[in-house]
Amino acid sequence: MDLVYANNQKEDIGVMKSYTFDLAFGTDENDFELKTTTKNHVCQEGFILYIEDTEYGGIIDRIRVSTAKAELYYKGRTWHGILATKILEPDAGQDYLVCNGEANTVIGQLIERMGLSDLFKASSEDSGLTISNYQMNRYIDGYEGLKKMLFSVGGKLKVNFQDYFVILSAEPLVDYSQDDEFDSSQIDFDVEKNYKPANHIICLGKGDLAERTVIHLYADAEGNISHTQTQFGINEVTDKYENANCESDEELEKGGKEALETAWDTDSLQVNFDSTKNYDIGDIVGAREVTTGIFTAKPIAKKIVTIKDNIVTVSHKVGE
């Protein structure tokens with residue numbers, strides 16, 4: 001497994017020797033640090049590091065030297081971090097950026113929109129996933145925007161460096177919790193289950209007092225959202241959502257629905273684990289606590305990768 005260094009024209013220079021390469025990507029960080037010695041100094045700012053046919057790599061933004069220990073550090077953004085330093089904004093005069101089409105085609109359009117076509121490409125394959133009138137959050141970063149868009153259709157973002165380009169592609173995410181799960185006799189974790197999330201949300205829009213727009217949304221016992229109430233008495237848990245600046249009832253209802261969905265996403269699972277299985281950001285894992293029987297499933301939020309002496313260690317993080 002060669003860690004190649006190339007100049008800012010994507011021309012290969014050589015292969016790194018005697019190093020430790022640490023990368024983190026997912027919910028935060030999205031950066032890397034390569035540690036070596038000053039006698040192995042071979043890179044400059046703007047060079048790229050990559051391992052072919054993997055998602056491990058990035059661009060060097062900073063160089064640090066410790067003269068006392070003759071240590072040298074190359075630091076920068078992973079491929080994910082480059083996406084995260086771009087902002088997806090609406091077109092002039094539009095409230096939102098709206099995406100439609102086959103997922104990989106949409107990814108290609110967003111790559112061009114972010115001005116990254118010199119380094120990034122979208123897969124030319126049909127992903128089998130279709131984006132339909134997806135409304136991006138306003139001024140969201142490119143990495144988060146892509147992940148959320150694909151998650152809305154049950155997909156995940158794959159990143160792979162191949163033939164001098166970072167290839168982005170959409171694939172269906174994998175729910176490993178359906179066939180396999182951790183339990184507290186195997187691994188330590190923190191889990192919390194909320195049995196009574198909000199199931200009635202009152203959406204308050206424009207207007208004053210009796211003239212104010214009011215919409216009621218309800219969730220049934222399975223979390224399905226509609227205008228029909230199914231939970232009453234002590235089983236009804238009510239909250240409110242306010243947006244006096246929304247321009248339409250549809251916009252108000254969309255915000256209220258998102259708030260209710262967030263309320264139903266309050267089960268928590270916090271676990272770090274190493275694995276040889278190829279989990280991706282967004283794939284779902286489950287855990288069961290054997291004493292209480294509590295089970296919950298959550299997406300993988302972060303990967304931490306260490307490469308030393310051609311040995312790769314991958315740690316996965318679920319929860320904050």
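View 1. The model is predicted: local features need pLDDT of at least 70, side-chain atom pairs count only at pLDDT 80 or more, and totals for chains, interfaces and linings use all residues. Residues are numbered from 1 along each chain as its sequence is written, and side-chain values use heavy atoms, with hydrogens and water left out.

**View 2. The largest nonpolar core, with 68 residues.** A nonpolar core is a set of buried (under 20% relative accessible area, 1.4 Å probe, protein chains only) Ala, Val, Leu, Ile, Met, Phe, Trp, Tyr and Cys residues joined through side-chain atoms within 4.5 Å. The residues with the most contacts inside this core are L49, W79, L110, F120, M149 and L168. Helix α2 (residues 103–113; a DSSP run of H or I, at least four residues) gives the most to this core, namely five residues.

**View 3. A second, separate core of eleven residues.** Among its members are I201, I215, C246 and L260.

**View 4. Residues lining the second largest pocket.** On a 1 Å grid over the protein atoms alone, a pocket is an open set of points where a 1.4 Å probe fits, with protein on both sides within 12 Å along at least five of seven lines; lining residues have an atom within 4 Å of a point. Of the 13 lining residues here, N8, I59, L116, D118 and L119 are the closest to the pocket centre.

Technical notes
Buried means under 20% relative accessible area, exposed over 50%, partly exposed in between (1.4 Å probe, protein chains only). Helices (H or I, at least four residues) and strands (E, at least two) are DSSP runs, numbered from the N terminus.
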